[in-house]
Amino acid sequence: MNIVIVESAAKAKTINKYLGSDYKVLASYGHVRDLPSKNGSVEPDNDFDMHWDTDAKAKKVLKDITDAVKGADKLILATDPDREGEAISWHILEILNKKKLLKNVEVERVAFNAVTKKAILEAISQPRELDQPLIAAYLARRALDYLVGFSLSPVLWRKLPGSRSAGRVQSVALRLVCERELAIEQFNPIEYWSVLTDLKTKDNKPFQARVYSENGKRFGPHDITNETQAHAIRDAIKTSDLSIAKVTAKSVQRRPWAPFTTSTLQMDASRQLGFSARQTMQVAQKLYEGVTLGGETVGLITYMRTDGVQIVPEAIQSCRDVIAKEYGDNYVPSAPRMYKTKAKNAQEAHEAIRPTELSRKPAMVSKYLDKEGLALYQLIWRRTIASQMEAAIMERTSADIDVSGANGTSYQLRATGSVVKFDGFLKLYEEGKDDGAGDDDKLLPALHEGDACSSEKVEAKQHFTEPPARFSEATLVKQLEELGIGRPSTFASTLSVLQDRDYVRLEKKRFIPEDKGRLVTAFLESFFSRYVQYDFTADLEEKLDLISDGKLEWKDVLKEFWQDFTKALDETKDLRISAVLNALNEMLGPYVFPVTEEGVDPRKCPACDDGQIGLKVGRFGAFVGCTNYPDCKFTRQFNQTNEEASLGEAGDKCLGEDPASGLLIYLKTGRFGPYVQLGDAEDTDKPKRSSLPKGQDPEALDLERAIQLLSLPRDVGPHPEDQKMITAGLGRYGPFVLHNGLYANLPGIEDVFTVGLNHAVTLLAEKAKSGGRRGAQALKELGEHPELGGPVNVMSGRYGPYVKHGKINATLPKDKEPESITMEEAVALIAERAAKAPAKKKAPAKKKAAPKKKAAAKKKAPAKKKTPAKKTAAKKAAPKKPATKKATTKKSADTETTSDE
């Protein structure tokens, strides 16, 4: 029996059909082991020795593989044809060798670029050895990402409370977004004018021209600077004779774009389909693994992680055949088109992304694909076919029109236009455009030198220069690739990590940095500037690629990096938070403290005479506060101006009188956003408040809605089974109903005000049936804390999932699935939560009661010994539920397993 190992179950099923009964195909489900999320997984002082761990799910997969290999004649490692695929094969081989299961088993490594019968059989017939340089590159990247993550992130947690973690590529991508936002904020628009003239030829054919020069001197884009100048030109054109001085026409070829690479596919799917980078890769993965066509599962596209732009000769010929059949011989170029990549650090070991069968048109597979799959397949098919089509031929025409102006001033207008003489590849495909990449050429009528023309309308228009556009996913991916930062296969996960950690948000498909992201970037630029420099990161990527080419030793690269990196870490050990805040005040000054009035210190506190405002760190992250605290309690958010913050205190909006209490209800703006308040400090020490739910426009809030919000949580009614009250309220994760510690979600905000007793009882019963008692169920056991010991679990709770270690509970970030939490992420959240714990409760207690506590501890010592015995007895009584320790390993088959990217 021949055992074949692939990465996904879908591929295993398909390939098993191709190979027949002499082969058994098993899936590894991505990586089978990874570096555990604890200190010591990589030992720089021990020649970068790496310690791997396997989680429970991967252990089951490995058991299936080892059981199958025991009676096998041959082991065929057929994981994906890239660095991660090579690494998975290496891990499996290492594990089987340690178990001494391969003594009489022949081992082969095969790689295929498409899940088709022909590609699989060809790969099986052409085995090779494992690519050791590629494995070395994987080890170097994994070690680097671990060392950066486990060394730099704790510095962030200690010195910048509220921040999450920092990664090698992610931090540089975040810097790009933050720098673009700062450029937008500091941008000063410049006024300029254009003068456009609607003209007609002597045959009354209309066309348009813009003023081009004055007295023979050409105008620059912004040289007409004011209304007076623009109107003088306009008036001169209106009263002058116009004649065509020169007509120039030339033929221009537009050649097609190369077939898709990973990054260009992500870019164009974003522009044309509106897909995110991650969505593109997920859909492409399904197309690669295949769909069932006529009873047979077939991969529709080649491997989708590649930076090569070439395609194999037989595919080129297939393209040419399709072009001739579908569009005619005149669309087939005389010779095949050959492409070479221009991207930095490109490795052209793989083909470009193309359909596995070029004759398989999108219409032929439309009924087998969902909407997203069909759209992406159609994009890939068109791009591939178009890449081998004839060039488009354009005729571009420009005409200069003389203006005999008054007062001895002469002007010249210029009209431009183009016409497509032969559409070529444009018949099938046009690449999407980025910001400012418009093409406003128009078709011109027949123009002849010496002919007179007349002006129908002359218009002077005012314009202002615009700031650079925020990054979209497409333009950010393009920028990262141009800078040589990261690898195309990791761009999707890099962008997702930035959003998952609340460092950036996508708004109208544009990246906007959150305050937390700007703080992290400023911190890294202040204290780890070298490691967020574009050139340094690109240079490191180049070295990693040289490792994969066998031109550098991976441990030499690690040693060079680690030597300098540890020095930078040591320099921050004695760094006080006050020094960090001073550095951030300096770096973020233009954003946090903008100059609003010349001669006035932007950091002068608006609430007191002699205070200065600056960054402060609180439980919920950083904010702006006064140096005279607690005497001066002025605070504001990053994105507020002093005036807006002051208005929030002095300019509260009174919504009306509460009919029940007679107190006034106010709409206020606090450090964490708008809220409603019943009464004020004069009425009660602690006025009742309620934050506005997501989606509620403060401007649209009225008295009735405010009363509803202040009524929460409200009593729904007694539960019919135990007569205990059911309440409805709003939590972090939305509206809910609560009964005796059991929470059930409500569909929408309005339901919290309207849900009745019967509906609430039904929802709670459904929740109880699914085991949903929050705070009483462990969703995931992560294992022992790597530094402090004791179990770390992911729990369900009243306000959503959280991680628990001892007495510390840390809420999970929004949009983070509990099942995806790793030990590294959990440890980071626990450390962050521990740092926020109020120190004022701990210190006095320890100082005053230390002797008594020690004595008490000694007296209670014998009693403590009994507890383990009881637990042991309990375990013996219930052998079916052993305590398990799990160390999570990232095993996604569609994203790189690098923790920082």
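Helices (H or I, at least four residues) and strands (E, at least two) are DSSP runs, numbered from the N terminus. This is a predicted model: local features need pLDDT of at least 70 and side-chain atom pairs count only at pLDDT 80 or more, while totals for chains, interfaces and linings use all residues. Residues are numbered from 1 along each chain as its sequence is written, and side-chain values use heavy atoms, with hydrogens and water left out.

Q: How many salt bridges does the count come to?
A: A salt bridge is a side-chain nitrogen of Lys or Arg within 4 Å of a carboxyl oxygen of Asp or Glu. By this rule the count is 36.

Q: Which residue forms a salt bridge with D80?
A: In this pair the closest N and O atoms are 2.4 Å apart. D80 sits in the loop between β5 (74-77) and α3 (83-98), and the partner, 69 residues apart from it, is in helix α1 (residues 9-19). D80 is buried (under 20% relative accessible area, with a 1.4 Å probe and protein chains only), having a value of 2%.

Q: Are R83 and E84 buried or exposed?
A: R83 and E84 form a salt bridge, and their closest N and O atoms are 4.0 Å apart. Both residues are buried.

Q: About how much space lies in the largest cavity?
A: A cavity is a set of points, on a 1 Å grid over the protein atoms alone, where a 1.4 Å probe fits but cannot get out. Its volume is the space filled by probe spheres set on the points, which are joined across faces, edges and corners. The structure holds six cavities of 30 Å³ or more. The space in the largest is about 100 Å³.

Q: Which helix supplies the largest share of the lining of the largest cavity?
A: Lining residues have an atom within 4 Å of a point. There are 14 of them here, and V148, L152, G167, R168 and Y531 are the closest to the centre. At least two lining residues each come from α5 (132-159), α16 (534-548) and α17 (554-570). The largest share, three residues, comes from α16.

Q: Which residues are linked with R141 in a network of salt bridges?
A: Side chains of opposite charge can pair when their charged atoms come close. The network joins R141 with D145, R168, E541 and D545.

How values were computed
Buried < 20%, exposed > 50% of the residue type's maximum accessible area, 1.4 Å probe, protein only. 1 Å grid on protein atoms, 1.4 Å probe; cavity = no way out; pocket = protein on both sides within 12 Å on 5 of 7 lines; lining within 4 Å.
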